[in-house]
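Hi there,

Here is the structure I promised to pass on. Have a look at it first, and then read my notes below.

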Amino acid sequence: MKNDGIGKLIFELRKQEQITEKELSQGLCSLAEFRKIEAGERKVEKTLLDALLGRMGRAADNFFIILEKEQYQLYELRNQIQEAYLIGDNKKLQEKMEKLKEKNLNRSRCDKQFYYKMKFLMGEYLYNGLDEMEEVLVGIIQITIPQFKIEKVSGYYLCLEEISLCCLLASMYQQYKERRKAKILLENLIACIDRRYQDTEEKVQIYPQVILLLLQVYDVKIENEKWITFCQKTIDLLAENGILTLMDELLECYKVGLEEKIAKGQRQFTKLEELVYQNVSMGLKSIQELKQEYQIDYGKREFFVIKQEYNEVFLLQEMILDYRKRVKKSQNQLSEKIGIEPETISRYESGKRKPSDKIYQILVEEIGIPKEKYGVILPVEDYTLYEKIRKVERYLLRREFLAAQQLFLEIEPLIPKEKAENQQYCIRTQTILDFYLHGLKEQEKLKRLEQAMRLTIPKYNALEENFLKYHIPSRYETTLLNNIAASYIKLGQNKQAIIILKAILKVYQESEIKEEYHLSAITLTEVSYSKCIGNMGNYKEALDEIEKTLRMNLQFGKGNMIPYLIYEKGWNIWKNNEDSLSKEKRNACMKCYQQAYWISGFMNNFVLQQKIEYLYKKDFKKKLV
């Protein structure tokens, strides 16, 4: 929407990265249009916003994206097209491409470029050899990069879609035995990404694809050091961001590189090399076992088709309903206040009509809809501070509390406390750190967390099943609610915990937004819920929830919570069959513990890995390794 802070954010990030207006906007939109976007005089379409942020190496899914129904449908349509292509559903692919064609592609160069890329992949052009194919594909790239040359790629500002097109071109070169051109392009791409992409959440979406293509060009014997370095660096990147997609291919390449290194030196592994090799081998084996068990196949693995999957997508229509209910105004009262018909408010809330820019600004002031929404509500010039907040969250997830405390103490004084969301974040984070590092009692921890919760959800009540009615919680609110539920479980008050966790899952299920766009929040809640009902003796129900959530995470290649889920699966199998534990069931339990151990290891969650090793020895009376 206009005047929503996004223009100012783009301006501040552009200045940080020392990019000119012309460099950032070239090929994506006119310079005049870009200047209006930065000035807040013109709204920015979602695909253009993605491209602008991507060219600055920033992850668009750091934001709570609030979309009008039309924009959400376009976003979902692009993902459906890529999904249909990857699984080979040609009928659905043709149908969805026709729908995209109807969207006035000349209005958006990003959508136009995507459309022609997919037409190229569908083989709807006729070529006479490499030269014609290269001409067509370079022409598609030049829709947004007019001066494109493979030798100059390292100096460009490229978004994910543009990098994926370069990957497609490199793949075509390899197909036609033009290895030299492929190598030039891919090495330039790597240099470009390493220089521009400081945000690992954005980088991880494309870097592994480029590396795997480059490894197809390299000779593992001649370029062994580069081979191993690239593999190790990319596996660490995937692990840091909890991504499983392409992990098995990279682990396999890493294993080949290590074996060749030893063969070339004609020596034995050192102790460190042996440990690394064992972790790689067992991690690879565990992933392959899981994919086989759950029949997960990532399709063609085209490195140039990237599904955009946000963790936070909200519909404007649902946001209007939520905030109207918060201020306790009926449709009639609100319509009278802002001077429009009640039926118009109803159409806004059903998605049949979108408010004009003028009406939206009135709604913002009248019912408090957020003008800008990304993470903790910070001034846009403090985006770097926000990135540190995300880093604190990753430390907390891995239970690295000392590192989290050190960084939080650095940033807490810089977080403006005027906003309720900021106060909530600070109270919650300090409470968690006090509990784990300074001996805070469980009851006091719960009291503080519930105090923080009511700052953004005034109707919060652990005994009220509908306290989230109309309100789809943010990722931070869901994390806080899970913290509260965990306290209730520890205090033996499972009823309250189950009410909270069911309320979260229910509101996501009832939203028009697909659950995959809140996958992280839903998975965290499912882990808490299955643990809670398992501890209450409902082992079969817990296993059903775990199976569903495991499959969903494997399907989308999300790995952060996989070790937790597999461990809980093993524990619930054990307890469900405790009275008559057969050898087969016992082996199944042990296998779950082992998989959780190895996967948590290469996901760099060493605290969890050590805990699983201890529990394995305790439950099975033997060492895991």
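A residue counts as buried when its relative accessible area is under 20%, as exposed when that area is over 50%, and as partly exposed in between. Please keep in mind that this is a predicted model.

Let me start with Gln424, which sits in helix α22 (residues 420-438). Is Gln424 buried or exposed? Its relative accessibility is 4%, so Gln424 counts as buried. Leaving out residues up to four places away in sequence, Gln424 touches Ala452, Met453, Leu455, Thr456, Glu477 and Leu480.

Next, the nonpolar cores. The largest one has 112 residues. Which residues have the most contacts inside this core? They are Phe148, Ile163, Leu169, Leu185, Leu189 and Val210. The element that gives the most to this core is helix α9 (residues 160-175), with ten residues. There is also a second, separate core of 49 residues, and among its members are Ile338, Tyr529, Ile533 and Phe556. As general background, nonpolar side chains tend to be buried together in soluble globular proteins.

Setting aside neighbours within four places in sequence, Val210 is in contact with Ile163, Cys167, Leu186, Leu189, Ile190 and Ile193. Val210 is also one of the buried residues of helix α12, a helix that spans residues 207-217 and is mostly covered, with ten of its eleven residues buried. Besides Val210, the buried residues of α12 are Tyr207, Pro208, Gln209, Ile211, Leu212, Leu213, Leu214, Leu215 and Val217. What do the buried residues of α12 pack against? Their partners are α9, α10 (179-196), α11 (200-203), α13 (224-240) and α14 (247-265).

Finally, two loop residues with a backbone angle to look at:

- Gln295 has a phi near 55°, which is positive even though the residue is not a glycine. Gln295 belongs to the loop between α15 (271-293) and β2 (313-315). With 72% relative accessibility, Gln295 counts as exposed.
- Arg399, also not a glycine, has a positive phi of about 60°. Arg399 is located in the loop between α20 (383-397) and α21 (401-411). Its relative accessible area is 39%, so Arg399 is partly exposed.

Happy browsing, and do write back with any questions.

Best wishes

Technical notes
Residues are numbered from 1 along each chain as its sequence is written. This is a predicted model: local features need pLDDT of at least 70, side-chain atom pairs count only at pLDDT 80 or more; totals for chains, interfaces and linings use all residues. Side-chain values use heavy atoms; hydrogens and water are left out. A nonpolar core is a set of buried Ala, Val, Leu, Ile, Met, Phe, Trp, Tyr and Cys residues joined through side-chain atoms within 4.5 Å. Buried means under 20% relative accessible area, exposed over 50%, partly exposed in between (1.4 Å probe, protein chains only). Helices (H or I, at least four residues) and strands (E, at least two) are DSSP runs, numbered from the N terminus. Contact means heavy atoms within 4.5 Å.
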